[in-house]
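Hi,

Here is the structure I promised to pass on. Have a look at it first, and then read on for what turned up.

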Amino acid sequence: MIGAAGQTRNPKCEYRPGKQRSDSTVQNGGSHPPKAESAILTFASCSLILGFQVLFAAVCCPVVAAQDEEPKPGPIKEFFDKLDTEYHGFYEARAGYRLQNDPHEKDMSILEARYQFDLFSMRDWGDVKVKGDLYGDGVEEKGVFDLREANLFMRPTDTMDVKLGRQVLTWGTGDLIFINDLFPKDWQSFFVGRDTEYLKAPSDAVKVSFFMDWANLDVAYTPEFDSDRFISGERLSYWNPVLGDRAGEDNTLSVERRREFLEEDELALRLYRNIRNYELALYGYWGYWKSPGGFNDAMNAAVFPELYVYGASVRGTVGKGIGNAEIGYYDSIDDRDGDDFLINNSELRYLVGYTQEIGRDFTAGVQYYIEQILDYGDYEDSQPAGMPKRDEFRHLTTLRLTKLLMNQNLNLSLFTYYCPSDEDVYLRPIANYKASDHLTVEVGSNVFFGDEAYTFFGQFEDNTNAYLAVRYSF
Amino acid sequence: MLRKTSFVVLSAFVVFGLFLVAGVSAADSDVPDVQTIVNKANIVAYYQGDDGKATVKMTITNKAGQTREREFIILRKDVADGGDQNYFVYFQRPSDVRRMVYLVQKHTGEGKDDDRWLYLPALDLVKRIAASDKRTSFVGSDFVYEDVSGRGLDLDTHELVETTDTLFVVKNVPKKPEEVEFSYYTVAIDRKTYVPMKMEFYDKQGQLYRIIESKDVRVIQEFPTVTKSLVKDLKTGGQTEMEFTDIRYNVGIGDIFEERYLRRPPREAMR
């Protein structure tokens, strides 16, 4: 796709839907310790969930009753006020179900009660930010702490910014399509119906930005590879090419993690400048395929082969709207000749997009995206017989429609991925209503369908779900 | 002095409108021609000083009496008086939009659209905004974008329709009526300070449907400044009050209107 996850249907990616986090240790024979991220606090899950829901109800009910009144600061806020630290966050309950039977997964697609805290403090020497989510996950039956940000920001000179620590990083011009943004994504959260915020997984990195007269340069260095939180059979059923069929939590795959600090690292650069408000950028990335892009036969595990990416983009006013174009060359270092069927070939990826306001508070955006497999002849020749092959060109179109109603408190949006070459579709309709300055209600759906069970979106057909969420922000 | 006074003030955000021409009332030597009036009022409403900063609190009240609040810090820097200018808006409330940044490079030339960006901190995303309709609501309030950053003087024809002891009343008729929802609007401008005190918008049927009033005007650093304004939408029954505090002019705002400061605002924008 959607960039990094795009190789999903590649038969080479039998491994792709491997699991992540703690299961990697189990399935990898315990050679690598699980990462601190999303440390799983294996609580007696249900009690935690129940606790959250009670908490949530306690907070929300009085709020609904008197939603226009500013809530009184609680003891936590007062505590942080004394430390000259802003304390914000939200409580959220979210529940969703599959709209059809999925033989490989539970009916419930999401069920969680979540608390997010967001601490921010400005000091003379810089800013400190810590943001974390604590949630009870009723589908996986566990309590989870996901530290989303923990960083220091400094502006040491007029021409330099530094951000150090866990942070969310984004660049590039695509709308839910990523070519040169090779920072980690959380596809699982995206497809099960969590807030769009969770599509971006955090990086443990240092980002240094230099601002010069002729251009600006961002350097993001991640000392230990941060993969995507890619699709795992644990939550979403997927196409498993080894089985030649869809699989789910009954057949999650092992992955071989890269965890060598300072050895298995990532470097991403962006050089950019504006010319008459046309935003021009050049990109470079030296790291690994973000979702599994290869398979280790001996280990029987999916791997993250080495990947270098070089790209460019432009964005600016075109007619009445905003146009963008982006290109990226994916240099698959471990299979430069394209004849190793276990490793992804190199690719070229292209994107053009255009967004325009087409009515009052009504915006439409379209994109056309192509993934081209290089050395396609070698790819074809190397594939074992009987494996479904990817097309040389994968075409993907997107359409986004956004309409605001009721004083912009009701946001109706529809994002559509349609892949004419694979003949599959992914729809994301969302209605979000701000009932007050604090309370938001959202209903949405993730709809997948396709002619074949092995195409990128088609494989998720049985995961089609609808969800409801209530959030109280403070 | 009067001239200088009329030259400053940031109510840049506040109410306004204004406009032009119509025959000069030659009979009254104190009455300048309408183009002069609207030019001065435009400067007073949007271009006071070289730059300005304020904390803005909006209270949006719907017909049922339910209220919503918006709070943000706004920084403005002029490129040219009466011409292009830049706005930097740092949201503080409500909490779901906290730390969002909205950046506008306003262009006043004929047929030129503004450049707008939005920064969403949770995604670290710099978004380019395609909106070109300046008559849409600003952050869900009863103010529209043009109320906040100004309506180009050359978009309307202007006629001085009344002169009282204290006010000039100018009628403004859009040159391209198909692009706006009103058929005309009037602006009552204070004769001494050139602060627009009241604007009344009439719909295509000639019915009054929208009123913006300056409820409080104070002199800040010698610049007459609207510190409280109120817009009422007679059709929806909604209203929005906008209050300005911590107003300062000529604060020496640097070149903050670019991506670097979208991703991390300068300190002066954050408090």
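A:Lys82 sits in helix α3 (residues 75–82) of chain A, with helices (H or I, at least four residues) and strands (E, at least two) taken as DSSP runs numbered from the N terminus. At 75% relative accessibility, A:Lys82 counts as exposed; exposed means over 50% relative accessible area, buried under 20%, and partly exposed in between (1.4 Å probe, protein chains only). Its C-alpha atom is 20 Å from that of A:Ala150, a residue 68 positions away along the chain.

Before the rest, the ground rules. This is a predicted model, where local features need pLDDT of at least 70 and side-chain atom pairs count only at pLDDT 80 or more, while totals for chains, interfaces and linings use all residues. Residues are numbered from 1 along each chain as its sequence is written, chains are lettered from A and ligands numbered from 1 in the order in which they are written, and side-chain values use heavy atoms, with hydrogens and water left out.

The two chains

Chain A has five helices and 23 strands, and buried residues make up 59% of its 474 residues. Chain B has five helices and 13 strands, with 59% of its 271 residues buried. Take contacts (heavy atoms within 4.5 Å) between residues at least 6 apart in sequence: in chain A, 63% of them join residues at least 24 apart. For chain B, that share is 52%.

Cores

The largest nonpolar core has 51 residues, and B:Phe72, B:Phe91, B:Tyr102, B:Phe138 and B:Ile189 have the most contacts inside it. Helix α2 (residues 34–46) of chain B gives the most to this core, with eight residues. A second, separate core of 50 residues includes A:Ile231, A:Tyr417, A:Phe456 and A:Phe460. By core I mean a set of buried Ala, Val, Leu, Ile, Met, Phe, Trp, Tyr and Cys residues joined through side-chain atoms within 4.5 Å.

Where the chains meet

Chain A puts 55 residues into the contact and chain B 44. Together they bury about 4,200 Å², 38% of it on carbon and sulfur atoms; that is the accessible area (1.4 Å probe) that two parts lose on being put together, summed over both. On the chain A side, A:Met122, A:Arg360 and A:Asp437 lose the most area to chain B, together 16% of what that side buries.

Eleven salt bridges run between chain A and chain B, a salt bridge being a side-chain nitrogen of Lys or Arg within 4 Å of a carboxyl oxygen of Asp or Glu. The side chains of A:Asp127 and B:Arg267 form a salt bridge at 2.7 Å, N to O.

Salt bridges overall

Over all chains, the search finds 63 salt bridges. A:Asp186 and A:Arg229 meet in one at 3.9 Å, N to O. This pair links distant parts of the chain, 43 residues apart: A:Asp186 is in the loop between β6 (160–167) and α4 (187–192) of chain A, and A:Arg229 in the loop between β8 (216–222) and β9 (238–240) of chain A. A:Asp186 counts as buried at 4% relative accessibility, and A:Arg229 is buried too, at 2%.

A:Asp195 also has a salt bridge, to A:Arg471, with the closest N and O atoms 3.7 Å apart. Here the partners are 276 residues apart, with A:Asp195 in the loop between α4 and β7 (203–211) of chain A and A:Arg471 in strand β23 (residues 465–473) of chain A. A:Asp195 is partly exposed at 21%, whereas A:Arg471 is buried at 14%. Shared partners also join A:Glu112, A:Arg114, A:Asp133, A:Asp137, A:Glu140, A:Lys142, A:Arg194 and A:Arg235 into one salt-bridge network.

Backbone spots to check

Most residues other than glycine have a negative phi, and most peptide bonds are trans. A cis peptide bond joins B:Arg93 and B:Pro94, with omega about 0°; B:Pro94 is in the loop between β3 (85–93) and β4 (101–106) of chain B. A:Asp375, in the loop between β18 (362–373) and α5 (376–382) of chain A, has a positive phi near 50°. A:Asp375 is partly exposed, at 35% relative accessibility. B:Gln221 also has a positive phi, about 50°, and lies in the loop between β11 (208–220) and β12 (223–233) of chain B.

Cheers
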